[in-house]
Amino acid sequence: MTYPPPPPSEPPPYGAPQGGYPVQQQPDSNLVWGILCAVLCCLPFGIVSIVYASKVSGLWTQGRYAEAQKASADAKKWAIWGAVAGVVVGVIYAIIAVAGGMYNYS
Amino acid sequence: MHVRPLAAPLAVAAAAAGGCVCIWLANPTVPGGILPVCPTKALFGIDCPGCGSLRMIYSLLHLDAAAAVRYNALGVVAVLFLLWAFAAWTYSRLAGRQVRSWQHLRWSAPAALALTLVWFVVRNLGFGPFPALYV
C-alpha cells in the first residue's frame with residue numbers, strides 16, 4: 001500500500017490531480033467534450049471547442065498560463081453550448097415532426 | 001457530500017445505453033425514420049464530419065463493422081477513443097487518482113482537429129474515390 005506524497009505547499013489549481021504531479025498542472029483541454037459534441041450534436045460548436053482544446057498545450061508550453069487556462073475554459077464553454085444547441089435543435093425537430101405528423105393525418 | 005465513485009460512470013453508461021436502444025429501435029438506416037437528419041445535411045446538402053454517425057452506431061450495435069466504417073469511418077475511430085477515455089475515467093475514479101489517457105497527450109487535440117477538418121473536406125469531394133465516402 002503506497003500513499004501519495006504530501007500535498008505541495010501551494011494548492012494546485014482547480015481540477016488538477018492530487019499528488020505525483022507538478023504543482024503547475026496543464027489545464028485539461030476538455031478535448032473529449034469537444035469530440036463528443038462534434039460527434040453527437042453534429043454542430044460546428046464541437047469543432048470550435050476542439051480548436052480551443054488544441055491551443056491549450058501549446059500556450060502552456062510557451063508559458064502563457066493564463067491564456068492556456070482561458071483556452072481550456074473556452075473549449076468547455078463551446079462544448080456546453082454545442083450540447084445545448086443540439087438539444088434545442090432536437091426539440092425543434094421533434095415539435096416540427098409531431099406537428100407535421102398531425103397535419104398529415106388530420 | 002460523498003458521491004460514490006462509480007455513480008457518474010454508471011450514469012454516463014446508462015445514458016449511452018439508452019441512446020443505443022433508441023437507435024436500435026428507430027433504425028436510422030431506413031430513410032424517413034423518426035431520428036433527425038443532421039441539420040448540416042438538411043440545410044446545405046453536404047456531409048459534416050459527424051454525418052452518418054447514427055447509422056454507424058446502428059451498424060456497430062448489429063456487429064456490422066464494415067457498414068459502420070462505410071457510414072462514418074472517422075466516427076468509428078472516435079467511438080473507440082471515447083470508449084478508451086471512458087474506461088480511463090472510470091478507472092481513475094475507482095483508483096482515486098488521475099490516469100493519463102490519450103486526450104492528455106500533447107498532440108491529441110491538434111490531431112483531432114486536423115482529422116475532423118480533413119474528413120469534412122474529403123467526404124464532400126466529387127471526384128476520384130471520394131464520392132464513396134459521401135453518405
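Analyst: Between two axes, angles under 35 degrees count as roughly parallel, over 145 as roughly antiparallel, 65 to 115 as roughly perpendicular and the rest as oblique. This structure is a predicted model, in which local features need pLDDT of at least 70, side-chain atom pairs count only at pLDDT 80 or more, and totals for chains, interfaces and linings use all residues. Residues are numbered from 1 along each chain as its sequence is written, while chains are lettered from A and ligands numbered from 1 in the order in which they are written.

User: Why are H1(A) and H2(A) called roughly antiparallel?

Analyst: Helix H1 (residues 31–40) and helix H2 (residues 44–61) of chain A pack at about 160°, and their axes are 7 Å apart. An angle over 145 degrees counts as roughly antiparallel, and H1(A) and H2(A) are therefore described in that way.

User: What makes the contact between H1(A) and H2(A)?

Analyst: From H1(A) come A:Leu31, A:Trp33, A:Gly34, A:Ile35, A:Cys37 and A:Ala38, and from H2(A) come A:Phe45, A:Gly46, A:Ile47, A:Ser49, A:Ile50 and A:Ala53. Residues are in contact if their C-beta atoms, placed from the backbone, lie within 7 Å. The residues of this contact are nine nonpolar, three polar and no charged.

User: Why is H1(B) called roughly antiparallel to H4(B)?

Analyst: The axes of helix H1 (residues 7–26) of chain B and H4(B) cross at roughly 155° and come within 9 Å. That angle makes H1(B) roughly antiparallel to H4(B). B:Ala8, B:Pro9 and B:Val12 of H1(B) meet B:Phe86, B:Trp89, B:Thr90 and B:Arg93 of H4(B).

User: Which residues touch the most other members of the largest nonpolar core?

Analyst: A nonpolar core is a set of buried Ala, Val, Leu, Ile, Met, Phe, Trp, Tyr and Cys residues joined through C-beta atoms within 7 Å, and buried requires 20 or more other C-beta atoms within 10 Å of the residue's own. Among the 26 residues of the largest core, those with the most such neighbours are A:Leu31, A:Ile35, A:Ile50, A:Ala53, A:Val56, A:Ala75 and B:Ala109. H2(A) supplies the largest share, eight residues. B:Ala109 touches residues of chain A, including A:Leu31, A:Ile50 and A:Val56.

Terms used:
Axes fitted to C-alpha atoms, helices over the stretch in contact; angles between N-to-C directions. Helix = DSSP H or I, 4+ residues; strand = E, 2+ residues; numbered from the N terminus. Contact = placed C-beta atoms within 7 Å. Nonpolar A, V, L, I, M, F, W, Y, C, P; charged D, E, K, R; others polar. Buried ≥ 20, exposed ≤ 12 C-beta atoms within 10 Å, placed from the backbone. Lists of a residue's contacts leave out its neighbours within four places in sequence.
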